[in-house]
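Hi,

Here is the structure I said I would pass on to you. Have a look at it, and then read on for what turned up.

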Amino acid sequence: MRKMMLALVLGLALLLVAAPAAAAPGWQGGKTAVTFLGHAAFQLTSGGTTILIDPYITGNPQAAVSPDIIEADYILVTHAHGDHLGDTVAIAKRTGAKVIATAEVARMLKDQGCDVVPVHIGAKKALDFGYVRVTPAFHGSGVAGGHAAGFIVNLRGTSVYHAGDTSLFGDMALLGRLEKIDCALLPIGDNYTMGPDDAVEAAGMLKAKIVVPMHYNTHALIKQDPAAFKKAVETRFKGVKVEIMKPGAALIL
Ligand SMILES: [Zn+2]
């Protein structure tokens with residue numbers, strides 16, 4: 001009996017430790033889980049593939065997981081500013097994840113010992129889970145001569161657009177025509193990226209079924225009201241739903 005209790009306690013302890021790493025209920029069911037890790041960091045999981053985007057965990061006041069246990073097969077880095085590059089190098093080295101980034105950022109990460117897949121804006125790169133379309137993002141890359149980017153990830157047929165740090169740009173309408181975007185992750189913080197008014201326009205152009213605001217309220221300079229953004233989008237564009245995600249929460253697509 002005591003042995004059983006011990007096994008139970010140990011089992012529970014394992015479950016608690018393991019939960020944040022998995023952090024994606026439902027991914028075995030053929031669906032895609034989008035887990036918000038705080039700021040602009042997301043984890044996509046489907047069919048056993050785990051993709052991290054901009055894993056800024058250490059120093060992120062919204063961080064919902066530990067960088068020491070998080071799993072990844074791929075890490076997508078939109079640009080090399082600290083609040084996006086984050087824990088990429090440490091996680092990539094521990095897990096063996098391939099790091100996808102624009103050429104100059106990838107070169108820097110290769111020099112730091114990462115296994116990289118260099119891409120550039122315009123690429124529609126085929127990978128074992130589907131493909132990644134590399135989109136423009138109007139922002140610094142954090143590496144001399146480099147470009148910031150966004151990514152449309154097609155993960156076994158489900159399409160998630162992470163805009164990166166960017167202003168509004170008219171070719172988002174083209175992206176909405178070329179891709180059937182299931183979920184768009186859009187910055188609304190203003191100051192370093194587009195603000196909520198421009199993000200409403202972006203939501204209309206992309207025609208995504210679900211829009212998730214990101215890159216806001218991490219600190220005072222990017223303070224915004226996501227509920228007002230949600231109301232503005234849903235009032236203006238019928239059929240578009242805005243999901244305000246709490247760090248650690250997962251959306252099942
Ligand atoms: Zn940023």
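To start with a question: how many of the five residues of β12 are buried? Four of them are, so β12 is largely enclosed by the rest of the structure. "Buried" here means that 20 or more other C-beta atoms lie within 10 Å of a residue's own; 12 or fewer makes it exposed, anything in between partly exposed, and the C-beta atoms are placed from the backbone.

Some housekeeping before the rest. This is a predicted model, in which local features need pLDDT of at least 70 and side-chain atom pairs count only at pLDDT 80 or more, while totals for chains, interfaces and linings use all residues. Residues are numbered from 1 along each chain as its sequence is written. Helices (H or I, at least four residues) and strands (E, at least two) are DSSP runs, numbered from the N terminus.

**The sheet with β12**

β12 belongs to an open sheet of seven strands, in the order β7-β8-β9-β10-β11-β12-β13, with mixed pairing. Two strands pair if DSSP finds at least two bridges between them. The edges are β7 (124-127) and β13 (241-242); each has a single partner strand, so one side of each is left without a neighbour in the sheet. Helix α6 packs on this sheet, where it touches β10 (158-162), β11 and β12, and its direction makes about 160° with that of β11. For contacts, the rule is C-beta atoms, placed from the backbone, within 7 Å. For angles, axes are lines fitted to C-alpha atoms (for helices, over the stretch in contact), and the values run from 0 to 180 degrees between N-to-C directions.

β11 and β12 are parallel, paired over five bridges. Leucine 186 has proline 213 in β12 as its bridge partner, and leucine 185 stands opposite valine 212 in β12.

**Two loops with a positive phi**

Most residues other than glycine have a negative phi. Aspartate 190 has a phi near 65°, a positive value, and sits in the loop between β11 (183-187) and α6 (196-206). Histidine 215 also has a positive phi, near 60°, and its place is in the loop between β12 (210-214) and α7 (226-236). Are these two residues buried or partly exposed? Aspartate 190 is partly exposed, because 18 other C-beta atoms lie within 10 Å, whereas histidine 215 counts as buried because it has 27 C-beta neighbours inside 10 Å.

**α6 against α7**

The axes of α6 and α7 come within 10 Å and cross at roughly 35°. On the α6 side the contact involves Pro196, Ala199, Val200, Ala203 and Gly204, and on the α7 side Ala228, Phe229, Ala232, Val233 and Arg236. Those residues divide into eight nonpolar, one polar and one charged. In that count Ala, Val, Leu, Ile, Met, Phe, Trp, Tyr, Cys and Pro are nonpolar, Asp, Glu, Lys and Arg are charged, and the others, Gly among them, are polar.

**The other sheet**

Another seven strands form an open, mixed sheet in the order β6-β5-β4-β3-β2-β1-β14. Here β6 and β14 (250-252) stand at the edges with a single partner strand each, so one side of each has no neighbour in the sheet. From one strand to the next, the twist averages 20°. β1 (residues 33-38) and β14 run antiparallel and are joined by three bridges, with valine 34 opposite leucine 251 in β14.

α4 packs on the sheet too, touching β5 and β6, and its direction makes about 140° with that of β5. Which residues of α4 (103-111) are buried? They are Val105, Ala106, Met108 and Leu109.

**One last residue**

Proline 247 lies in the loop between β13 and β14. Its C-alpha is 5.2 Å from that of phenylalanine 36, although the two are 211 residues apart in sequence. Beyond its neighbours within four places in sequence, proline 247 is in contact with residues including Phe36, Gln62 and Ala64.

Cheers

Key. Contact = placed C-beta atoms within 7 Å.
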